[in-house]
Amino acid sequence: MNQIIDAAKALFALEKYELFPVPGHEGGRNLLFLCRLNSENQAVLRVSPLPDRREADYLAETEFVRYLSQNGAPVADVLPSVNGKLVEKMTHEGNPIYLSLFACAKGMLLAHNGYRYRDNAPLEEYFYNTGKTLGHIHRLSKTYAPTHRRSDYFDKYNMDNLNRLIPDEYAVLKAAISKRLDAFRALPVTPESYGLIHFDFSDGNFHIDMSNGQITVFDFDNCMYCWYMFDLANLWTHGEGWCRFLPDGAARMKYMEHYFSRILEGYRSETELSDEMLCRLPLFIDMVLIENIVDEFECCARENELPDEEDIGNAARCLIENIPYAGLGED
């Protein structure tokens with residue numbers, strides 16, 4: 001790794017910087033390093049060693065991030081190398097490794113503040129700003145003309161691929177997923193409903209400036225062509241933490257209605273969302289559950305093991321038993 005870091009420093013003019021590894025999270029596929037100069041975090045170096053993506057995939061991602069940044073979206077911009085490249089390719093022990101450098105997002109993760117929002121500001125401001133930030137990204141995506149193209153949803157989420165990934169002992173789960181995929185294929189695919197999305201938009205992938213509430217988004221590593229509603233449904237599922245302490249399903253669903261209405265208010269201040277698509281929220285929540293399940297199987301496949309029941313159990317149950325809203329309304 002020292003050889004790679006030394007080469008990266010030369011490629012991105014980081015010789016004067018100290019590089020510190022960022023602790024990885026479970027299932028993470030990249031190595032990250034904070035680039036610090038004069039005790040200040042200036043950039044994040046990403047090292048991508050896994051062989052499951054091509055150079056064109058990384059180019060498509062970084063070009064999208066650059067487009068968003070140059071058009072005013074609140075994203076952590078990608079910084080070119082000394083060669084003017086957004087992605088640099090190295091070979092290590094015969095395997096390709098891809099390097100990219102990103103600006104540090106201003107602010108902090110909500111988790112690093114104990115899930116406390118900024119002082120003297122209501123949570124509703126945070127909900128609104130989250131929706132507005134996502135709406136800004138989607139608005140720009142609707143007119144984006146890529147040089148390199150990321151994959152489409154069904155390139156990955158199809159039963160040929162999932163049957164290879166998920167063992168036959170999960171036949172009932174696979175049947176439930178197949179049923180949802182048939183429903184997804186019937187959804188409208190228009191410039192207003194379908195485009196390049198983040199595909200992992202949540203509070204783990206943006207920083208908040210606690211002085212003014214501004215959000216800066218990063219980690220577009222999973223971006224793909226999909227329905228814009230997926231990112232919104234992902235926000236819905238991540239809102240569960242704000243109401244899990246409530247005593248019953250009805251109270252939790254009432255809170256979620258309040259939470260999501262503010263998300264949508266912010267979102268619609270930036271771009272349109274049809275009531276036709278919004279009415280399909282339960283189906284898109286199922287799409288999020290499938291993504292979570294597939295991600296668990298992918299991570300476990302790298303270790304040649306199967307997921308723990310606690311990691312996929314509730315999501316699988318909701319799909320198999322047709323329980324809507326990820327089971328949040330259950331008592």
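Among contacts between residues at least 6 apart, 71% join residues at least 24 apart. The model is predicted. Its secondary structure comprises eleven helices and ten strands.

The overall dimensions were examined next. The C-alpha trace spans about 55 × 50 × 35 Å along its principal axes. The radius of gyration is 20 Å. A compact globule of 331 residues would have a value near 20 Å, so the protein agrees with the globule rule.

Burial and surface composition were then computed. Of the 331 residues, 50% count as buried, that is, under 20% relative accessible area. The protein exposes about 15900 Å². Carbon and sulfur atoms supply 48% of that area. On the charge side, the protein carries 32 positive and 51 negative charges.

Helix α11 gives a local view of burial. The helix covers residues 309–320. Its buried residues are I312, G313, A315, A316, C318 and L319. An α-helix has 3.6 residues a turn, so residues three or four places apart point the same way. After α11 comes N322. The phi of N322 is positive, near 55°.

Terms used. Residues numbered from 1 in each chain as written. Predicted model: local features only at pLDDT ≥ 70, side-chain atom pairs only at ≥ 80, totals over all residues. Heavy atoms only, no water. Buried < 20%, exposed > 50% of the residue type's maximum accessible area, 1.4 Å probe, protein only. Helix = DSSP H or I, 4+ residues; strand = E, 2+ residues; numbered from the N terminus. Rg over C-alpha atoms; globule rule 2.2 N^0.38 Å. Contact = heavy atoms within 4.5 Å. Areas by Shrake-Rupley, 256 points an atom, 1.4 Å probe, with all protein chains shown as cover. Lys, Arg positive; Asp, Glu negative; His and termini not counted. Charge placed at Lys NZ, Arg CZ, Asp CG, Glu CD.
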